[in-house]
Amino acid sequence: MESAAVKILYNKEVAPKYFKLGLSWKTPPIAPGHFVMLRVSDGLDPLLRRPFGIYNVLGSKGKGTFKGNGIELVYQVVGKGTQILANKAAGETINLLGPLGNGFPHPDGSKKIIMIAGGMGIVPLHMLAKSTEGAVLLYGARDKKVASMAKDFKDTKCKVKIATEDGSVGKKGLVTELLKTELKSDSVVYACGPVGMLKQASIISQAAGVKCYVSLERSMACGIGVCLGCAVKAKTHNEKENKNYRMVCSEGPVFDSEEIDWDAL
Amino acid sequence: MGRTVNKKANPKLGVEIAGIKFRNPVMTASGTFGYGLEFTPYTDLNKLGGIVVKGLSLNPRQGNPSPRIVETPCGMLNAIGLQNVGVDYFIKEKLPALRKYKTQIIANIFGETIEDYMEVAKRLSDSEGVSAIEINISCPNVKKGGIVFGTDPSEAAKVVSAVKGSSRLPIITKLSPNVTDIKVMVKAVEEAGADAISLINTLTGMVIDVEKRKPVLATITGGLSGPAIRPVAVRMVWQAKQVAKVPLIGMGGIMNARDALEFIIAGASAVQVGTANFVDPDSAAKVADGIEEYITRHKTSLKDLIGSMKVG
Ligand SMILES: Cc1cc2nc3c(=O)[nH]c(=O)nc-3n(C[C@H](O)[C@H](O)[C@H](O)COP(=O)(O)OP(=O)(O)OC[C@H]3O[C@@H](n4cnc5c(N)ncnc54)[C@H](O)[C@@H]3O)c2cc1C
Ligand SMILES: Cc1cc2nc3c(=O)[nH]c(=O)nc-3n(C[C@H](O)[C@H](O)[C@H](O)COP(=O)(O)O)c2cc1C
Ligand code: FES
């Protein structure tokens with residue numbers, strides 16, 4: 001974990017409002033599921049850093065954990081902070097805090113891995129795909145342009161199946177429908193995407209008696225477990241620290257889906 | 001940023017408040033710096049004058065439902081609900097590692113009844129390593145129909161004198177800005193025995209999602225912090241200074257040394273850095289460095305700067 005001023009290598013629009021951002025950074029070890037907090041502006045508005053998952057570690061041949069000389073992020077412009085980010089050019093510097101979070105538990109190889117992503121949820125799963133073999137990615141995208149992100153999985157040993165809302169590629173409809181057909185009793189599920197999708201993935205997996213890990217998103221201020229702002233309610237009580245809430249930034253963002261109280265989200 | 005060599009403290013930067021010697025006037029504000037240890041990868045705790053830890057209660061508190069935070073123009077609202085590990089866990093699990101640093105450790109406490117406050121204060125003063133207690137009085141008194149201690153001078157005074165009587169430690173009382181006249185509160189807690197006064201806590205605010213016509217925070221309202229509140233906070237410190245006999249510790253939206261100096265010139269003997277820790281975890285140490293640079297450049301000392309505002 002460190003706070004570093006890093007140089008922007010590139011910042012290019014790959015689909016409408018979807019950007020790939022390359023940052024020059026001699027990284028500490030990074031595991032799939034880790035994220036960083038970026039300070040998009042030196043000014044006071046927006047004030048807080050923005051969290052982004054890590055899509056790629058540049059110049060790394062690692063597996064499991066990665067060390068390299070840069071990282072690649074993928075982000076969607078949704079508001080003020082991401083718009084400021086989109087206007088940045090190669091050569092500018094930006095302050096980064098990371099790597100943060102727990103990351104996905106590394107698959108032990110005994111189970112068939114199913115990754116399920118909705119929209120930007122594809123980001124941390126790309127790193128996971130690079131460290132596993134024989135996995136399948138189920139990718140739910142708005143349309144054909146966004147679905148084109150799936151071509152990045154060619155450099156992984158992972159099979160991709162797509163569902164789009166408009167049916168322009170792959171199956172028309174929800175990606176969770178693909179999960180239903182793909183799921184076997186010896187599967188393990190890794191999910192990232194909108195809450196509704198994660199909840200469905202959790203329900204479907206639990207009904208099949210399959211473990212499902214979800215990567216959650218929450219508004220964050222600190223990213224390091226001190227402001228207690230990014231809480232999600234857990235079903236289980238932590239006896240040692242006597243608490244019901246979990247911090248997405250420091251105890252997550254990846255959780256066993258059975259641990260989460262989905263009705264409170 | 002990592003660790004830097006801990007250079008000798010500059011005497012011109014030191015300050016004594018309620019009998020405690022601070023190496024510099026910069027502390028971290030309660031609730032924005034965890035229990036301090038979380039920041040060791042990013043900053044040198046030995047560079048801080050003091051660390052005020054997250055508010056502690058008698059029993060662990062679960063805190064409020066989520067969403068608990070939302071960003072606002074130049075600030076943020078929080079409704080954490082005072083989630084914390086409880087005083088016993090703090091003493092056993094956090095304090096031993098924390099007291100190894102060359103910085104003063106201040107325990108921020110709160111309760112729902114006067115008896116709660118007293119018991120927390122007692123346990124802290126029986127433990128080794130805490131330099132002072134900061135009482136957060138911005139909490140509802142459950143025995144008095146939820147009236148906030150810090151908005152009623154007589155309730156506030158009762159808490160302060162009860163805590164004072166239960167502890168050997170110096171008492172800093174932290175005032176709420178959600179009052180009509182801060183001077184009334186200053187006088188009330190001072191008469192009740194406060195050794196120092198810190199201000200301001202957060203200002204109550206709210207944000208509405210207009211598409212859904214729903215409040216963004218689960219608890220509807222929350223506490224506003226960050227640079228948005230700084231002018232209000234500076235004004236309140238200045239007003240408090242007109243009547244206060246005990247030292248003041250100023251806070252509210254401090255992002256850098258310049259901001260901190262406003263508070264000092266308005267009358268604060270020390271400052272606390274809060275929300276800025278989220279933006280840059282090394283903020284407080286940088287504020288201390290910046291104040292030192294100012295003192296050297298102006299050939300002055302902290303002592304001479306406190307309350308040095310020239311009017312007219
Ligand atoms: C652990 C984690 C990893 C993330 N990884 C990525 C990623 O790889 N790529 C990516 O594009 N985005 C990612 N996000 C979401 C990203 O942080 C938000 O989209 C971003 O903070 C929005 O900032 P803004 O200023 O543009 O939007 P704002 O103006 O702050 O808000 C615009 C809209 O975005 C929503 N929003 C704000 N913050 C978040 C948030 N943290 N999560 C979800 N929605 C939010 C708001 O509710 C609002 O509707 C991640 C979030 C988390 C918590
Ligand atoms: C997330 C958060 C949690 C806080 N928790 C506490 C607390 O437990 N006790 C307390 O006295 N003040 C608490 N505060 C208030 C701060 O200590 C400080 O008074 C306030 O935020 C104003 O300073 P700032 O603008 O520099 O943040 C909290 C503030 C924030 C933002
Ligand atoms: S963002 Fe502060 S605790 Fe998670």
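This is a predicted model: local features need pLDDT of at least 70, side-chain atom pairs count only at pLDDT 80 or more; totals for chains, interfaces and linings use all residues.

Me: What makes helix 2 of chain B and helix 3 of chain B roughly parallel to each other?

Reply: Helix 2 (residues 114-125) of chain B and helix 3 (residues 153-166) of chain B pack at an angle of about 30 degrees. Angles under 35 degrees count as roughly parallel, and therefore the term applies to helix 2 and helix 3 of chain B. Their axes are 8 Å apart.

Me: Which residues of helix 2 of chain B and helix 3 of chain B meet?

Reply: From helix 2 of chain B come Ile114(B), Tyr117(B), Met118(B), Ala121(B), Lys122(B) and Ser125(B). They meet Lys158(B), Val159(B), Ala162(B), Val163(B) and Ser166(B) of helix 3 of chain B. The residues of this contact divide into 7 nonpolar, 2 polar and 2 charged.

Me: At what angle do helix 4 and helix 5 of chain A pack, and why are they called roughly parallel?

Reply: Helix 4 (residues 175-182) of chain A and helix 5 (residues 195-207) of chain A pack at an angle of about 15 degrees, with their axes 10 Å apart. The limit for roughly parallel is under 35 degrees, so helix 4 of chain A is roughly parallel to helix 5 of chain A. Helix 4 of chain A passes helix 5 of chain A in a right-handed crossing.

Me: Why is Tyr18(A) called buried?

Reply: Buried means under 20% relative accessible area. Tyr18(A) has a relative accessible area of 4%, and is therefore buried. This residue lies in strand 2 (residues 18-24) of chain A. Among the residues that Tyr18(A) touches, not counting those up to four places away in sequence, are Lys12(A), Tyr75(A), Met120(A) and Arg142(A).

Me: How do you know that Cys192(A) is too far from the closest cysteine sulfur for a bond?

Reply: A disulfide requires two cysteine sulfur atoms within 2.5 Å. The closest cysteine sulfur to that of Cys192(A) is in Cys212(A), 11 Å away, and so too far for a bond. Cys139(B) is in no disulfide either, for the nearest cysteine sulfur, that of Cys227(A), is 18 Å away. Over all chains, the count comes to 0 disulfides.

Me: Are Cys192(A) and Cys139(B) buried or exposed?

Reply: Cys192(A) has a relative accessibility of 6% and so counts as buried. Cys139(B), at 2% relative accessibility, therefore also counts as buried.

How values were computed
Residues are numbered from 1 along each chain as its sequence is written. Chains are lettered from A and ligands numbered from 1 in the order in which they are written. Side-chain values use heavy atoms; hydrogens and water are left out. Axes are lines fitted to C-alpha atoms, for helices over the stretch in contact, and angles run from 0 to 180 degrees between N-to-C directions. Helices (H or I, at least four residues) and strands (E, at least two) are DSSP runs, numbered from the N terminus. Angles under 35 degrees count as roughly parallel, over 145 as roughly antiparallel, 65 to 115 as roughly perpendicular and the rest as oblique. A crossing is left-handed if the near helix is turned anticlockwise from the far one by less than a right angle, and right-handed if clockwise. Buried means under 20% relative accessible area, exposed over 50%, partly exposed in between (1.4 Å probe, protein chains only). Contact means heavy atoms within 4.5 Å. Ala, Val, Leu, Ile, Met, Phe, Trp, Tyr, Cys and Pro count as nonpolar, Asp, Glu, Lys and Arg as charged, and the others, Gly among them, as polar.
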